[in-house]
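Please open the structure in your viewer and follow the stops below in order. Each stop names a selection and then describes what is found there.

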Amino acid sequence: KRDWSSDVCSSDLKLSGSYAVVGILQAAFAIPMAIFALPGGAMVDRIEKRRVVALSQSVLGLIGATIAVLVHADLITVALLFIGGMIQGALFSVNGPARTALLSEIVTTEELPAAMSMQNIAMNGTRVVGPALAGILIALVSVHGAYYATALLYLTTVWAILHVPRTSAHEGRTRRPILAEVRAEIGRAHV
């Protein structure tokens, strides 16, 4: 899932007045996600999920803050938004699997269905409420204010995830090479 204000803000910037640019910016996010989703998931299985989530959320917050500063300074360009979108897409290809896998490592088996439901409610809720809040922030403050708010929210997420206990489910497992795991997952998808 892309951060909720990016969709609203990138279309609000009106850098070129072109609907095609809005589509290109969305593709900049989606293409790396599609390319790296399977290898990203296989990679996440090998390392501590909490660390992956904290690092990816930190970089996503840094991207949001950078864009906020660039918008505020009137230096933002479509190319910079495109690069930011590609980095975000690549990060979400590991962040999503890490977040989901971390959940199964920190709650009991009995709590897992409720925890997954809560996670889905939160994720889908941000898709509904987020653009509305970003629109309100843009109207009341500015576009760069919405990006600053996004960066601040990422910081609070990083703070929270750093308070989650470390897990060790990734340790001690014998694994196939990442490409072999990706091929196996693709093979299972065709069955």
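**First stop: α4 and α5**

Select helices α4 and α5, which cross in a right-handed manner; a crossing is right-handed if the near helix is turned clockwise from the far one by less than a right angle, and left-handed if anticlockwise. The contact, meaning heavy atoms within 4.5 Å, is made by Arg-99, Thr-100, Leu-103 and Ser-104 of α4 with Leu-112, Ala-115, Met-116, Gln-119 and Met-123 of α5. These residues divide into 5 nonpolar, 3 polar and 1 charged. Here Ala, Val, Leu, Ile, Met, Phe, Trp, Tyr, Cys and Pro count as nonpolar, Asp, Glu, Lys and Arg as charged, and the others, Gly among them, as polar.

The model is predicted: local features need pLDDT of at least 70, side-chain atom pairs count only at pLDDT 80 or more, and totals for chains, interfaces and linings use all residues. Residues are numbered from 1 along each chain as its sequence is written, and side-chain values use heavy atoms, with hydrogens and water left out.

Helix α4 spans residues 78–106 and helix α5 residues 112–140; they pack at an angle of about 150 degrees, with axes 9 Å apart. That makes α4 roughly antiparallel to α5 (over 145 degrees; under 35 is roughly parallel, 65 to 115 roughly perpendicular and the rest oblique). Axes are lines fitted to C-alpha atoms, for helices over the stretch in contact, and angles run from 0 to 180 degrees between N-to-C directions. Helices are DSSP runs (H or I, at least four residues), numbered from the N terminus.

**Second stop: α5 and α6**

Ala-134, Leu-137 and Ile-138 in α5 meet Val-143, Ala-146 and Ala-149 in α6. This contact has 6 nonpolar, no polar and no charged residues.

Next select Ser-56 in helix α3, residues 49–72. Is Ser-56 buried or exposed? Ser-56 is buried, with a relative accessible area of 2% (buried means under 20%, exposed over 50%, partly exposed in between, with a 1.4 Å probe and protein chains only). Leaving aside neighbours within four places in sequence, Ser-56 is in contact with Leu-91 and Asn-95.

**Last stop: the cores**

Finally, select Ile-67, Leu-81 and Tyr-147, the residues with the most contacts inside the largest nonpolar core, which has 17 residues. A nonpolar core is a set of buried Ala, Val, Leu, Ile, Met, Phe, Trp, Tyr and Cys residues joined through side-chain atoms within 4.5 Å.

Note on methods
Helices (H or I, at least four residues) and strands (E, at least two) are DSSP runs, numbered from the N terminus.
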